[in-house]
Amino acid sequence: MPKVAITLRVNGDLHEVMVAPHRTLDEVLRDELGLIGTKVGCRTGDCGACTVLLDGKAVSSCLTLAVEAAGREILTIEGLAPGGEELHPLQRAFVEHGAVQCGYCTPGMILAARHLLDKNPTPTHEEIRRALSGNLCRCTGYAKIVDAIAAVAEKNRS
Amino acid sequence: MALPRFEYLSPGTLDEACALLAEHGADARPMAGGTDLLLRMGRTGRAPSFVVGLRRVPGLADVRFDREHGLSIGALASLATVAAHPDVIRHYPALAQAAAATATVQIRNMGTVAGNLCNASPSADTAPPLLAHGAEVLLHRREGERRLSLSRFFRGPGRNALEPGELLREIHLPPPGERTGSDYQRISQRSQVDIAAASVAARVALDEEGICRSARLALGAVAPTPLLVDEAAALLEGRPITDEQVAAAAALAVRAARPISDVRASAAWRKKVIGVLAARALRAAVEKALAQ
Ligand SMILES: Cc1cc2nc3c(=O)[nH]c(=O)nc-3n(C[C@H](O)[C@H](O)[C@H](O)COP(=O)(O)OP(=O)(O)OC[C@H]3O[C@@H](n4cnc5c(N)ncnc54)[C@H](O)[C@@H]3O)c2cc1C
Ligand code: FES
Ligand code: FES
């Protein structure tokens, strides 16, 4: 199949890439653009490790064709703290609350949390848990992840 | 696993999409959110030669409601949009519940209600509430359009009434009546992320005296297709919905169910639980109708 030229807008930067139509967004982000912050777990839409925001909405990049993401706004974990110096409040809260262990689920968790807080800046614990139902973590037992997001929500409240 | 290779076509109009599908026949598949289609390609390692992406066709993502015409859900309207739509929550609550209970946040942002129906899984979450609300599907091809009652759309597991070159353009629900309530109940082995092992949607409309004007009971995951229990409607209509009536209707749901045993549940368990879910859904639908 011939490759097609597309423009991906990732974290505000434009990238011209040649992709085969069957390549998924996670593959292109990692293999072509070197943005390896996006993790890949199941490739079946179940684990949430590959979550990115597409036009502001959390999606599984493993089930998104790169050609269908062309021209849209893509946010990956690398775009959350652009300078790489000052952490995003969610990232800081994850560190402070011990919500990161091996870290494999963390980029997806943080982007799913960002999607939630964009829609609802002050979610309840129950709303946080529901919003993370598509993100699996093998390490933390989830409690500290929920605490970290709740702490950011608490700051939004005041 | 990486996806098998295919060519991606991106038509700009519905007619163009239908023309491509007609031209390539079995070598082409339409794609909405892709959450079923791409998953299946990854699992089976097989892909059609052409994927016809619908994303660029304008107007397909709309959800429109008015009291006179009812609700229209375009082919690209996502599960998340439908679950959060104020008119759906208010007038078609079973559908809002089902869309919100489908999959995960990510999959609901990507997947569509139309794709859920076209995929024709017996356990498709949005099918029972749409059946209970009397939905019709508008099927489009270049030569024109036909309207089909949703109950005639499902033909078997993974099989629907679409002809080659035909696309589901819109799902249409009649206007909500007075004193009408609906509810969706589902059960799965683990969390809500699991595919439903059994599900029920109920819709009831009452008159001023509390007599049932019309009723619908629809079942998911207990037959080769999502299923309307016509006998339950006949039993309930024209009388008040008492506890005895609810129990009798639930018994009819159990009788209508023709479940199989699979990884999610045994047939015997499904038979038993479908009656429990039917009674719960009916009672909740009556409560919502009374609260209007
Ligand atoms: C992790 C995960 C969890 C899931 N959980 C659930 C769940 O709990 N409940 C549930 O019901 N489903 C679930 N699903 C299945 C899936 O997400 C839904 O069925 C979804 O609604 C499909 O919509 P889509 O737009 O992604 O469909 P697509 O994958 O784009 O299409 C599905 C099928 O319909 C055809 N099609 C799509 N649109 C049209 C159209 N307009 N006209 C004609 N044909 C069309 C396609 O060719 C394909 O065969 C899950 C999927 C995943 C990956
Ligand atoms: S890798 Fe995409 S959801 Fe698991
Ligand atoms: S921290 Fe290891 S998977 Fe979540």
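**Reading pockets, cores and backbone**

Modeller: The second largest pocket has a volume of about 450 Å³. Please bear in mind throughout that this is a predicted model.

Biologist: Which residues are the closest to the centre of that pocket?

Modeller: The general idea comes first: rolling a probe the size of a water molecule over the atoms shows where empty space is left. Here 22 residues line the second largest pocket, and the closest to its centre are Arg72(A), Arg55(B), Leu76(B), Asn109(B) and Met110(B). At least two residues of the lining come from each of strand S4 (57-60) of chain A and helix H6 (105-110) of chain B.

Biologist: How many residues of each class does the lining have?

Modeller: The lining of the second largest pocket has eleven nonpolar, six polar and five charged residues.

Biologist: How should I read aromatic pairs, and how many does the structure hold over all chains?

Modeller: A pair of aromatic rings is described by the distance of the centres and the angle of the planes. The structure holds two such pairs over all chains. In one of them, the ring centres of Phe65(B) and Tyr92(B) are 6.1 Å apart and the planes stand at 80°, so the pair is edge-to-face. Phe65(B) belongs to strand S4 (residues 63-66) of chain B, while Tyr92(B) sits in the loop between helix H4 (86-91) and helix H5 (93-101) of chain B; the pair therefore ties together parts that are 27 residues apart in sequence.

Biologist: Are Phe65(B) and Tyr92(B) buried or exposed?

Modeller: Both Phe65(B) and Tyr92(B) are buried. Phe153(B) and Phe154(B) also form an edge-to-face pair, with 5.7 Å from centre to centre and 70° between the planes. Phe153(B) and Phe154(B) are both buried as well.

Biologist: Which residues touch the most other members of the largest nonpolar core?

Modeller: In soluble globular proteins, nonpolar side chains tend to be buried together. In this model the largest nonpolar core has 54 residues, of which Phe153(B) and Ile171(B) touch the most other members. Apart from its neighbours within four places in sequence, Phe153(B) has contacts that include Leu117(B), Val137(B), Leu148(B), Arg159(B) and Leu168(B).

Biologist: Where does Arg203(B) lie, and why is Arg203(B) classed as buried?

Modeller: Arg203(B) is part of strand S12 (residues 198-206) of chain B. Its relative accessible area is 14%, and buried means under 20%, so Arg203(B) is classed as buried. Beyond residues up to four places away in sequence, Arg203(B) touches several residues, among them His133(B), Thr180(B), Ser182(B) and Arg216(B).

Biologist: What should I look for in phi, and which value does Asp55(A) have?

Modeller: Most residues other than glycine have a negative phi, and most peptide bonds are trans. Asp55(A) has a positive phi, near 50°. Asp55(A) lies in the loop between strand S3 (51-54) and S4 of chain A and is partly exposed, with a relative accessible area of 43%. Ala103(B), in the loop between H5 and H6 of chain B, also has a positive phi, near 55°. Ala103(B) counts as buried, at 17% relative accessibility.

Biologist: Which residues of helix H1 (residues 25-32) of chain A are buried?

Modeller: The buried residues of H1(A) are Leu25(A), Asp26(A), Glu27(A), Val28(A) and Leu29(A). These buried residues pack against several elements of chain A, including strand S1 (4-10), strand S2 (13-19) and helix H2 (66-69). Gly34(A), which follows H1(A), has a positive phi, near 70°.

How values were computed: Residues numbered from 1 in each chain as written. Chains lettered and ligands numbered in written order. Heavy atoms only, no water. Phe/Tyr/Trp six-rings, centres within 6.5 Å; stacked < 30°, edge-to-face > 60°. Helix = DSSP H or I, 4+ residues; strand = E, 2+ residues; numbered from the N terminus. Buried < 20%, exposed > 50% of the residue type's maximum accessible area, 1.4 Å probe, protein only. 1 Å grid on protein atoms, 1.4 Å probe; cavity = no way out; pocket = protein on both sides within 12 Å on 5 of 7 lines; lining within 4 Å. Points joined across faces, edges and corners; volume = space filled by probe spheres on them. Nonpolar A, V, L, I, M, F, W, Y, C, P; charged D, E, K, R; others polar. Core = buried A, V, L, I, M, F, W, Y, C linked by side-chain atoms within 4.5 Å. Contact = heavy atoms within 4.5 Å.
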